Amino acid sequence: MEQKVLVAYGTANGSTRAIAETVAEVLRATGITAEVLPARSVTDLDRYEPVVVGGALYAGRWHKDARRFVRRHRGALAHRPVWFFSSGPLDSTASQRDIPPVPGVKRAMARLDARGHVTFGGCLTEGAQGRIARMILRDGKGGDFRDFAAIEHWAAGLAKELGAMAHR
């Protein structure tokens with residue numbers, strides 16, 4: 001049976017979805033079947049083996065949809081290879097150094113024996129929803145800090161790892 005990878009994400013304004021779609025595109029380019037879904041829409045994991053969960057960061061916490069996904073599917077995730085990514089800093093720090101997972105993600109990683117985590121730069125641009133997002137933009141702190149080359153590089157490493165797992 002072919003393994004199908006789920007890339008689930010939690011996002012408020014869509015920029016984390018673009019990261020999830022990029023991860024899936026890289027996986028598909030290597031011949032891996034990958035499906036991208038909003039975390040809140042996933043009802044079960046029966047069709048998937050490996051799972052990648054991404055969440056936007058807000059005030060040091062993962063997006064609520066990503067948190068709820070991990071909680072709701074904890075039992076199923078415990079028996080699958082799992083990777084996490086975060087999308088957050090509204091500056092270039094994620095491109096300059098490895099940023100550790102926020103405490104809630106770190107706890108989830110330990111509980112699920114997750115295989116890895118990476119933090120990518122975030123994106124907050126005009127038209128973003130939410131009072132805090134509008135305040136950040138008003139203060140001139142927004143912008144697009146996603147590094148798609150870094151996202152593709154991480155996804156390529158993930159594809160290699162998945163390929164090695166499939167041949168065991």
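Residues 5-159 carry the UniProt annotation "domain: Flavodoxin-like", which comes from an unreviewed entry (such annotations may be inferred rather than shown by experiment). The model is predicted, so to speak of local features takes pLDDT of at least 70 and side-chain atom pairs count only at pLDDT 80 or more, while totals for chains, interfaces and linings use all residues. Residues are numbered from 1 along each chain as its sequence is written, and side-chain values use heavy atoms, with hydrogens and water left out. Over residues 5-159 the chain is 40% helix and 24% strand, and the end C-alpha atoms are 10 Å apart. Helices (H or I, at least four residues) and strands (E, at least two) are DSSP runs, numbered from the N terminus.

**The largest pocket**
- The largest pocket has a volume of about 470 Å³; a pocket here is an open set of points on a 1 Å grid where a 1.4 Å probe fits, with protein on both sides within 12 Å along at least five of seven lines.
- Its lining has 27 residues, with L57, Y58, A59, G88 and L90 the closest to the centre; a lining residue has an atom within 4 Å of a point.
- At least two lining residues come from each of α1 (15-29), β3 (51-58), β7 (123-124) and α6 (131-138), and α6 gives the largest share, 4 residues.
- By type, the lining holds 15 nonpolar, 11 polar and 1 charged residue (Ala, Val, Leu, Ile, Met, Phe, Trp, Tyr, Cys and Pro count as nonpolar, Asp, Glu, Lys and Arg as charged, the others, Gly among them, as polar).

**The second largest pocket**
- About 250 Å³ of space lies in the second largest pocket.
- Of its 13 lining residues, R67, R71, G104, V105 and R111 lie nearest the centre.
- β4 (61-62), α2 (64-72) and α5 (103-112) each supply at least two of the lining residues, with the largest share, 5 residues, from α5.
- This lining divides into 5 nonpolar, 2 polar and 6 charged residues.

**Helix α5**
- V105, A108, M109 and L112 are the buried residues of α5 (buried means under 20% relative accessible area, exposed over 50%, with a 1.4 Å probe and protein chains only).
- Seen down the helix axis, these buried residues fall within an arc of 100 degrees, so they line one face of α5 (the arc is that of the directions from the axis to the C-beta atoms).
- Exposed residues P103, K106, A110 and R111 sit on the face turned away from the buried side of α5.
- The buried residues of α5 pack against β4, α2, α3 (74-77), β5 (82-87) and β6 (116-120), where contact means heavy atoms within 4.5 Å.
- Just after α5, D113 takes a positive phi of about 55 degrees.

Definitions and conventions
Points joined across faces, edges and corners; volume = space filled by probe spheres on them.
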